[in-house]
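Have the viewer open and follow along.

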Amino acid sequence: MFVHLHVHSYFSMLDGASSVESLVAQAAAHGMPALALTDHNTVAGLAQLHHWCAVYGIKPISGAELTLHDGSHLTVLAKTPTGYENLCRLLTAAYATEAWRRERIVRVPDLLPYTEGLIALSGCRRGQLTKQIIQRRYAEAKRIATFYAQAFAGRYYIELLGDDWPHTERINADLADLGEALGLPLVASANVHYHTPALLPVHDTLRCIATDCDIRTPHGERPLNAAAWLHDEREAARRFARYPEAVANTFRIATSCEVVLRLHEALFPAFDLPSDETDAAAYLRHLVYEGAVQRYPRVDHALRARIDHELQIITQLGYAEYFLVVWDIVRFARRRGIRCAGRGSAADSAAAYCLYITDVDAAGRGLLFERFMSIERSERPDIDIDFDARRRDEVIAYIYDKYGAQHVARVATYQTFRGRSAIREVGAALALPSSLIDTLAKRLPYYVGAQDIEQALDHVPELAPYKSYQDRLKWLWQLSAQITGFPRHFGMHVGGVVISRKPILSLTTLQPSAKGDLIIPWDKEDVEMVGLVKLDILSLRTMSAISDTITLRAQQQQPLDYDAIALDDQATFEMINRGETIGVFQLESPAQRALQARLGADQLEDIVASVALIRPGPVKGNMVDPFVSRRRGVEEIQYLHPKLEPILGKTYGVILYQEQVIAIATSLAQFTPGEADQLRRVMSHARSAEHMDHIGAQFIAKAVQAGVDTHTASQVFAMMKGYASYGFCEAHAAAFATTAYKTAYLVRHYPAEFYAAILNNHPMGYYPIHVVCAEAQRRGVALLGVDCNASDYACTVEEGKIRLGFRLIKGMRKELAEQLQLAREAGPFHSIPALLQRVPSIDPLLAERFIRCGALDSIEPRGRRLALWQLPVWLAARDSLATSLWGDTAGKWSSQETIEAEVSDFSLAEKLRDEYSLLGVGVSGHWLRLYRASLNEQGYTTTQAIDALVDGVTVSLAGLTIRPHRPPTRSGLVTVFFTIEDETGFADCTMFEHVYQESGAVLFTPRGRLVGVTGRVDRRGGQRPQIIVEQVWSLA
Amino acid sequence: MSRLVKRLIHICAWRDEAPLRYQDADGTLHTVEEWIDRWSESGDWWAGEGERIIYRIATRDGVVADLERTQNQWFIYRVWD
C-alpha cells in the first residue's frame, strides 16, 4: 500500500498546479487510504483537505514543507494534535521574523522547540540532507541526519526521490546506505505538484512566473519532466522497485498519524454576561424586548409571536451568544458615535432590528426569518455590518481588547488569477511580445474570465485585430483558463473577523499583515468549514459621508437627526423619479437612474425593488420591463394562484426576492420555511436540467398533495425556476434601500453638505470628483475653489456653497494643511512669499501645484503664470540663510517681488488642464465651454436642452465620457451604457451591439474621453430622457 | 567534455525497457556494458514535443553516450569524450 506524503496544492503559490479537491479525488480514485498535504510554509489548504477527504472517504494527513534558513526544504507531518499545534506555532513564529519578511524562511533553531508530535521527512532534492548527498559530502550528510534524528526523536525518515531526474538512482542508493548505517527508516516520495501528468504545462508556466523567466529560458527551478504527479501504487512500485520498505513506510506513517483538525466544531466564544444574569438566551430575550419597546410604538401579539419564533430558533441552534456578541459590538459603536448599519440576510431578523444591529423593520415588512436562519439549514449565521470607514478600526480594536489577541483574528482573502491578470502573466511566461499582451489585457472586458477568452475574440470588436494570432495564442488561452481561480496573492479580507473559544494557534497559524493585523490562512468559506464564526466588520464610505453631513450641519448650528428622517418624504421621491440621484447610495448608476425615471417610486418598497432589479441576473432575466409596466399599471397583473397574491403583490406579480421563492414553496406546497430555503438554495446551484427537473417534480408533487392542480403547480415552478438563480435577498435590498432613501433625502434637502461630504470621502460612489461637483452645481450649489485663506483640509460649506478643501490637491498631506491653518490663525496670508515663509514646509512641487490649481489666486491678482515665474525666486529667497541681493526679510518682499511685465495669465484651457489634473475638477469652468461656440455651429445640442425635446428626436451631443461599461445582458449581445457630461449637465446613453461593433470601441480607448454622439431621445415611459446612440466618434 | 550529436540509431536488443545493443548510423554495433543513469525530460511542450527518456550508457567498446528515446525513435543525443 502506498500513500503520498509530500504533496503540494495550489496553495503552494506559483508551484502547486492542482486544487485540493483534485488531489484528494485522484488519491481516492487510486484507492489510497490517505493523503497528506504539505504546502510551502502554510497550512492554508488543510481545511479543504479535511473537507474533501471526508467527502471522498480517505484520511487527511496535515503537514507543510518548511523552507529553512539556508533555503533548503524539510517536510513535516502532524502525527498528533500536539504536533499540529506545534506546526502552527512554529510557522506563526517564523512569520513574525525579519527572515520571513525578507525571504520567507524558517530558521532551524526556531524549529527545535516545536518538534514534539511532528514527523520529519528529509525532503526533496532541496532537502538539507539530499543536497549533501548530491554533492557527495557524506560526512556532512551523516551529521545532518543525526541532528534531525535526535531533534525528532525517532520520527525522522529519509525521503527517497521519485522524480526521474538525473542521478536519482545513485542518490537513492546513497540515501539508503546512510539510512542503513544510522538505523533510519526510508520513505518513498513523489514530491507531488499536480494530480495528472497533463498538467505539466501549468506547473512549468507557474514556475516561469515565479522565477520571472519565460519558457525559452532554462532555469533550475523549472520542472524537467512530468513525474511530479499523484501517481498510483503501481507506479510507486516501479519507481522504488529496489526499496519496497520505503513504499510500505508511507502507509505505516499514514496509519500512525491522527486526524488533527475537526470540521464543523462549535468554536464561538461564550459571552460575558452581566453579574446578575446567568443565562445567555434569557439575557438576549430581555435585550430584544427592551429594543422592541424602543423601535415599535406597540408590541402587539403578532410582533411577540414573531420575536418569540426567532428567539426559539436562535436558542435552539445555539447562537444566543453570537447575537449578544454582535449586539455588544454595535452598542460600542453607537456609544462612540460611530455610524453603522447591518446588511445582508440579517435584516430578515426582527430580533436584529430590536437589537439595533440592522435598520430594517423585518416584522413590519413581513421578511422571512428563515432566509437568515432555520433549523433545517442549521448553518452559522453571518452578520455583516457597515461602519464609518474612518472609524472601523476602532471597532476591531474593541473586539481584540474584549476577547484577547489569542482568540481573535482576521480572515484571509486570496487574490486569484483571473482574466486580465492571467493573460499578462501567462503571456510573459510564454514569451509573447509585451505590447501584444498589454493590448489584449487592457481590451478584455472586465467580466470576461480567462475561460471565456477564446469566445471574446469573436465577439469583442476591440480584440478583432488579434484573431490572426489565435493559433499562437492557443496556449495563452488554455493556460490562462486553467489557472483561473488559483491563489496568486495572500491578503486580508476587508472586514472578516473570527472570534474563537479555543486559542487560534490550536487551530491554525497567524500571519501578520503589513499593518500588523494577524491573519489566519483561511478565507471565509474555509473558516466556516472549520467551525469558526465570522463577523464582517466592514467599512463603508457612505457611512462616513453621512457622519460628515451631520457634522457639517452641526457646524452651521443646524443639527440634523439622521435616524429620525421620515421614510415618506415626497420631495425626495420626486427627485428620485426625475433620475437625479448622482451621489445617492445604490441609486446613482445610469441604469438605476434610468429605472427611477420610469418607475415612479412613491414609497420605500419601490426603492427596495430597485436595488434588487438592477443587477445582472434580473436584467438578463428580463424582469425589469415587466416590473415597471405592472408598477405603472400599464400591464395587468395576473396571479397563477390566489395564494401568490399576498406573496407577490408588493412586486406586482414578479418574483424578485429569494424570500418570495421560499414563501411560495411554503404556502403552495406546504414546505416548512427551512425546507423551502433549502429548496431555494438547491435551485440556485442546480447543475443540470435533469437536476432542476428532479427538484421540480418534488415541488409539484407536494403542491398537488396540498390541493393545487398539476398544471398550475407546473406553471408556478416554471416561474420559480426562472428567478431562483438570481433572485435577490429582500432583506439585503431593504437594508441598502433604507440607506439609499436616506442619502437621497440628504441630497434633496442638504445638497451642499452631502456633496461636500462625498468629496471629503472620495474615492467613493460611482462617479469621479468632477461629476459630483457638476451635479452639485446643477442643483444650484456654487463651488468655491481651494483658497489658502479660506479652505480647510476637508471641503466645507460656506453660506450654502461648497468650499473645496486642500485634500483635493494632488499630493497634499493632511499635516501640511494643518500647519497652514495654524499659521493662518495669526492672520490671513497677503502674498505668496509671505505664505511660503510662514509655512516653510511647503515644498516647491506643492507650491507650484497650489498656484496651478488656483489656491493662491486670492493673494496673487497678477495671475498664475506670473506667480509660477516668480516662484523659484521666492523659494530661493525663503531658503537662503544669508542676506542676499534680494533682501532677507518678509518686510522687503513687496519691493523685491514687483516685476513690471506685460504677462497674460493662463488661458481658460490651460487653467482647466491644471485644475482637472490637480483637483479632479475644473473650478474656472468646464472643458466643453471652450468648444461650445464651435459645437453650436456644427449643430451640437447641450445635455440640458434635450430635456425639452420629445421622444424620437435625433440630436448630436458632445461631452466627456463617464464610466462606459458593458454589463452582461439577457440576449448575450453587448450593450454599452455611458454618460456624457457637458457644461450644462449629463445625458445617459445606451449603445446597442451593432453601433458598438461599428464605432463604439473608441469609448474604451484614451481617444474616447471626449466624444460626440448622435442618437434618438427616448424616455422609455419615464421622466428622464436618454439617448439611444446611433453613432459615436472621438473629439479628442 | 561532450558533443551534441542527435543521430538516429536502431536498437537491436533490450533489457527490460533499456537499450542493450544498438546500431549506429555507420552500421557499427555497440553493446551496452553499463547503464550509468536514466532520466526523463518533458521537451518543449508548447511546440508539441513529447517526453524524452534518456539513458546514459557506457559500451564495451568504450563509448559513453546519452541515448534518447523520443516518440518511439532512438537517437544518440550526446557523446562524452
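Start at Thr130(A), which you'll find in helix 6 (residues 128-134) of chain A; helices here are DSSP runs of H or I with at least four residues, numbered from the N terminus. Before going on, some housekeeping: this is a predicted model, where local features need pLDDT of at least 70, side-chain atom pairs count only at pLDDT 80 or more, and totals for chains, interfaces and linings use all residues. Residues are numbered from 1 along each chain as its sequence is written, chains are lettered from A and ligands numbered from 1 in the order in which they are written, and side-chain values use heavy atoms, with hydrogens and water left out.

Back to the threonine. Thr130(A) has a relative accessible area of 0%, so it counts as buried (under 20%; exposed is over 50% and partly exposed lies in between, with a 1.4 Å probe and protein chains only). Its side chain reaches the backbone oxygen of Cys124(A) at 3.0 Å. Setting aside residues up to four places away in sequence, Thr130(A) touches Gly123(A), Cys124(A), Arg125(A), Leu161(A) and Ile171(A), a contact being heavy atoms within 4.5 Å.

Now jump to Pro673(A), in helix 31 (residues 673-684) of chain A. This proline is partly exposed because its relative accessible area is 27%. Leaving out neighbours within four places in sequence, Pro673(A) is in contact with Glu370(A), Ile662(A) and Thr666(A). Its C-alpha atom is also 8.6 Å from that of Glu376(A), 297 residues apart along the chain.

On to the rings. Over all chains, the whole structure holds 34 aromatic pairs (rings of Phe, Tyr and Trp, the last by its six-membered ring, with centres within 6.5 Å; planes under 30 degrees apart are stacked, over 60 edge-to-face, and the rest tilted). Tyr319(A) and Tyr322(A) make an edge-to-face pair, 6.4 Å centre to centre with 75° between the planes, and both are buried. These two tyrosines belong to a cluster linked by ring pairs, together with Phe268(A), Phe323(A), Phe369(A) and Phe372(A). Another edge-to-face pair joins Tyr766(A) and Tyr767(A), at 4.8 Å and 70°; both of these are buried too.

How far can you trust all this? Chain A has a mean pLDDT of 90, with 94% of its residues at 70 or more; pLDDT is the predictor's confidence in each residue, from 0 to 100. Residues 881-897 of chain A, though, fall below 50, and beyond near neighbours in sequence this stretch has 14 contacts in the model. Where pLDDT is low, the predicted coordinates should not be read in detail.

Conventions. Helices (H or I, at least four residues) and strands (E, at least two) are DSSP runs, numbered from the N terminus. A polar contact is a pair of N or O atoms within 3.5 Å; within protein, one must be able to donate a hydrogen and the other to accept it, and residues adjacent in sequence count only if both atoms are side-chain atoms.
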